[in-house]
Amino acid sequence: SVMAELAGISDMAKALKEKLGVRDVVIVPGDSDQTFWVQRDMGRATVARLKRELSSSVHNTIAVTGGTTMASVAAMMSPDKENRPMTFVPARGGLGETLELQANTVCSRMASRAQSDYHLLHIPDMVSKETFVKMVEEPSIKNVLQMIKDASIVVHGIGEAKTMAKRRRASAELLEQLEQEHAVAEAFGYYFDRDGKIVHRVKTVGLQLDDLKQVEHVIVVAGGHSKAEAINAYVKQSPDIILITDEGAATTILKG
Ligand code: F6P
């Protein structure tokens, strides 16, 4: 029955929270690798959780990343019934994703569905060092970078290292390096091995891994059995997170 299934899922969430040592776990039924709408359900669960963490006393600045999962979070976003002020910003500069999957795109879509404010980061992926140094000193960019540093909530995805490197058209050298260093996970430009050790990072502006420690609420959205190893690796170095995942990933992690 539906009730028995839900009870099973909440037991599973408890077990996963314990196994990973994270702040909290939310699991939606199904496996997003197999069923399309499971990703949307994760999106819906993420929106609900995000609203639970919104502050009513201070302005909420929410930094978000790109990817298909985060695009599903944006698709499920809705205005806050309590009208708590929110501003969305992209967590990092370009990481080599196509426009549809970029953090800027997800950020603006999320804000428009939430009927709230947003700011974008307009820095091209490939510029010379001199241009880059000048650009980050531009007041409009500097201002957004400061907002990212001050974000009280970060919502980000996790990917499999190889899948992400290929999707971003990484060079043969980088693919080789990631292979040699046994990279299994990727999150906002950082690549990790199975112990959660950083093996590579994309040099771009915005949120750095160390900044996460200062963020009040970090909500990580990743599902599908294929991401089990990546999730496991990522939380080893960032355990203080709220994980929104699906049954497919959860079952695989619990078996491992
Ligand atoms: O490139 C942005 C990003 O959030 C990555 O950091 C992450 O690995 C990936 O997208 C996840 O993408 P998807 O949700 O499509 O699996």
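Colleague: Let me start with one side chain. Is Tyr190 buried or exposed?

Modeller: This is a predicted model, so everything I tell you is computed from it. For burial, look at the relative accessible area: under 20% is buried and over 50% is exposed. Tyr190 has a relative accessibility of 4%, so it counts as buried. Phe188 falls in that class too, with a relative accessible area of 3%.

Colleague: Now the rings. How many aromatic pairs are there?

Modeller: Two rings pair if their centres lie within 6.5 Å, and planes over 60 degrees apart make the pair edge-to-face. By this rule there are 3 aromatic pairs. Take Phe188 and Tyr190: their ring centres are 5.6 Å apart and their planes meet at 70°, so this pair is edge-to-face.

Colleague: What kind of pair do Phe192 and Tyr234 form?

Modeller: Phe192 and Tyr234 are edge-to-face, with 5.5 Å from centre to centre and 80° between the planes. This pair links distant parts of the chain, 42 residues apart: Phe192 sits in strand E8 (residues 190–193), and Tyr234 in helix H9 (residues 228–237). Phe192 is buried, at a relative accessible area of 0%, and Tyr234 is buried at 0% as well.

Colleague: Which residues do the ring pairs link into a cluster?

Modeller: The cluster is made of Phe188, Tyr190, Phe192 and Tyr234. Two of these names come back when you look at His156, whose place is in strand E5 (residues 153–157). His156 is buried, with 0% relative accessible area. Leaving aside residues up to four places away in sequence, His156 touches Phe188 and Tyr234, as well as Thr65, Met70, Ala187, Val218, Ile219, Val220 and Val221.

Colleague: Let's move to helices. At what angle do the axes of H1 and H10 cross?

Modeller: For a pair of helices, read the angle between the axes and then the residues that meet. Helix H1 (residues 2–20) and helix H10 (residues 247–255) have axes that come within 10 Å and cross at roughly 50°. That makes H1 oblique to H10. The crossing of H1 and H10 is left-handed.

Colleague: Which residues meet there, and how do they divide by class?

Modeller: From H1 come Ile9, Met12, Ala15, Leu16, Lys19 and Leu20; from H10 come Glu247, Ala250, Thr251, Ile253 and Leu254. By class, this contact of H1 with H10 has 8 nonpolar, 1 polar and 2 charged residues.

Colleague: And how do H9 and H10 pack?

Modeller: The axes of H9 and H10 are 8 Å apart, at an angle of about 70°. That makes H9 roughly perpendicular to H10, and the crossing is right-handed. Ala228, Ile231 and Asn232 in H9 meet Ala249, Thr252 and Ile253 in H10. The contact of H9 with H10 has 4 nonpolar, 2 polar and no charged residues.

Colleague: Backbone angles next. What is the phi of Arg169?

Modeller: The general idea is that most residues other than glycine have a negative phi. Arg169 has a positive phi of about 55°, although it is not a glycine. Arg169 lies in the loop between helix H7 (161–167) and helix H8 (172–180), and at 76% relative accessibility it counts as exposed. His182 is another case to look at: its phi is positive, near 55°. You will find His182 in the loop between H8 and strand E7 (183–187), exposed with a relative accessible area of 57%.

Colleague: One more loop residue. Is Ser55 buried or exposed?

Modeller: Ser55 is in the loop between helix H2 (36–53) and strand E2 (60–64). Its relative accessible area is 19%, so Ser55 is buried. Not counting residues up to four places away in sequence, Ser55 touches Asn60 and Arg84. Ser55 and Pro85 are 30 residues apart in sequence, with their C-alpha atoms 8.7 Å apart in space.

Terms used:
Residues numbered from 1 in each chain as written. Heavy atoms only, no water. Phe/Tyr/Trp six-rings, centres within 6.5 Å; stacked < 30°, edge-to-face > 60°. Buried < 20%, exposed > 50% of the residue type's maximum accessible area, 1.4 Å probe, protein only. Helix = DSSP H or I, 4+ residues; strand = E, 2+ residues; numbered from the N terminus. Axes fitted to C-alpha atoms, helices over the stretch in contact; angles between N-to-C directions. Parallel < 35°, antiparallel > 145°, perpendicular 65-115°, else oblique. Left-handed = near helix turned anticlockwise from the far one by under 90°. Contact = heavy atoms within 4.5 Å. Nonpolar A, V, L, I, M, F, W, Y, C, P; charged D, E, K, R; others polar.
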